Amino acid sequence: MTLLETKALNAGYGPLQILWNIDFKVDEKSVTALIGANGAGKTTLIKVLTGLLKPYSGQVFFKGVDVTGYPAHRMKQMGVSLVPEGRRLFPNLTVMDNLLMGAYMLRQKDEFEKRLELVLELFPVLKERRNQPARLLSGGEAQMLAIARALITPSDLLIVDEPSSGLAPKLVDLIFKKLEELHETGLTILVVDQFVERALSISDTVYVMENGKIAIQGPSTEVANNEHLKKTYLGL
Ligand SMILES: Nc1ncnc2c1ncn2[C@@H]1O[C@H](COP(=O)(O)OP(=O)(O)O)[C@@H](O)[C@H]1O
Ligand SMILES: [Mg+2]
């Protein structure tokens, strides 16, 4: 089953077109990876998928609904949760208040309590640090907080943009293990990652972007054997 799909998407910033005719799909319960060089357009595509950027043309479908042009808060209400590139935490707010900021659209306090319990169970370290300002967290903890904040609202699709940036390898492993745990609970995950080998190993399906276009796509096991990919991204 398809959870999210784009058809012939064109988008950019003012007159500067970045995305060209993007057909992209995320299957329900999959881990889908989006890779490509710096500046290829990955974050721009994610902005369109999360309602942060309106496309010039083309369509976005989520759960079979045409959500093209829906604003960000409506995409979130529909169950699309974003962990943005660079995490975007509020450094001077406590861990708890950062989580509250993610919950602005939850109507009831008991809803927040329930989701809070769930994310703190996933990330126990945040529980210990709940009264500390976010700026005192280590890089790994900050990334966990960013993921927890995204998941504080009911989520069907978690989009994670460059979760490993700025993290030591050991912490990267930890974050990806957490993502795997989340996937095992039934969450669908779309992850942007710079490391092609890791992206291939954690995903079912992979898309490779080049200059705002989808250059390669397919099951990760097949794409791993793609000659262009091997030459361009793996130096083989
Ligand atoms: N707000 C913006 N205004 C104008 N150009 C932008 C903006 N954000 C990104 N770009 C440009 O869009 C292109 C794609 O960027 P981006 O989607 O961030 O790539 P990636 O995430 O793959 O590194 C780059 O050339 C970048 O300079
Ligand atoms: Mg990016």
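Modeller: First, the classes: Ala, Val, Leu, Ile, Met, Phe, Trp, Tyr, Cys and Pro count as nonpolar, Asp, Glu, Lys and Arg as charged, and the others, Gly among them, as polar. On that scheme the shell around ligand 1 has 5 nonpolar, 5 polar and 1 charged residues. This is a predicted model, where local features need pLDDT of at least 70 and side-chain atom pairs count only at pLDDT 80 or more, while totals for chains, interfaces and linings use all residues. Residues are numbered from 1 along each chain as its sequence is written, chains are lettered from A and ligands numbered from 1 in the order in which they are written, and side-chain values use heavy atoms, with hydrogens and water left out.

Colleague: Which residues surround ligand 1?

Modeller: Y13, L16, I18, A37, N38, G39, A40, G41, K42, T43 and T44. The test is a heavy atom of the residue within 4 Å of the molecule.

Colleague: How much of ligand 1 does the protein cover?

Modeller: 62% of the 570 Å² of accessible area that the ligand has on its own. That area is a Shrake-Rupley value with a 1.4 Å probe; for residues, only the protein chains shown count as cover.

Colleague: Which element gives the largest share of that shell?

Modeller: α1, with 3 residues. Helices are DSSP runs of H or I with at least four residues, strands are runs of E with at least two, and both are numbered from the N terminus.

Colleague: On to the magnesium ion (ligand 2). What are its protein donors?

Modeller: T43 through OG1 and E85 through OE, at 2.0 to 2.7 Å. Donors are N, O and S atoms within 2.8 Å of the metal (3.2 Å for Na, K and Ca), so both residues qualify. Water is not among the atoms, so sites may look incomplete.

Colleague: Why do you say that T43 and E85 tie separate parts together?

Modeller: T43 sits in helix α1 (residues 42-49) and E85 in the loop between β6 (80-83) and α3 (95-101), so the pair links parts 42 residues apart in sequence.

Colleague: Why is T43 called partly exposed?

Modeller: Buried means under 20% relative accessible area, exposed over 50%, and partly exposed in between (1.4 Å probe, protein chains only). T43 has 23%, so it lands in the middle class, and E85 does too, at 32%.

Colleague: Buried or exposed: what is S220?

Modeller: Buried, because its relative accessible area is 2%. S220 belongs to helix α9 (residues 220-223). Contact means heavy atoms within 4.5 Å, and, leaving out residues up to four places away in sequence, S220 touches L200, S203, D204, T205 and V206.

Colleague: And L236, buried or exposed?

Modeller: Exposed, because its relative accessibility is 67%. L236 is in the segment after α10 (227-233). Beyond four places in sequence, L236 touches K230 and K231. K231, in helix α10, is exposed as well, at 62%.

Colleague: What makes the phi of K63 worth a look?

Modeller: K63 has a positive phi of about 50 degrees although it is not a glycine. Most residues other than glycine have a negative phi. K63 lies in the loop between β4 (57-62) and β5 (65-66). Its side chain makes a polar contact with that of D156, at 2.6 Å. D156 is in the loop between α6 (139-151) and β7 (157-161).

Colleague: Where is R87?

Modeller: In the loop between β6 and α3. R87 also has a positive phi, near 70 degrees. R87 counts as buried because its relative accessible area is 15%.

Key: A polar contact is a pair of N or O atoms within 3.5 Å; within protein, one must be able to donate a hydrogen and the other to accept it, and residues adjacent in sequence count only if both atoms are side-chain atoms.
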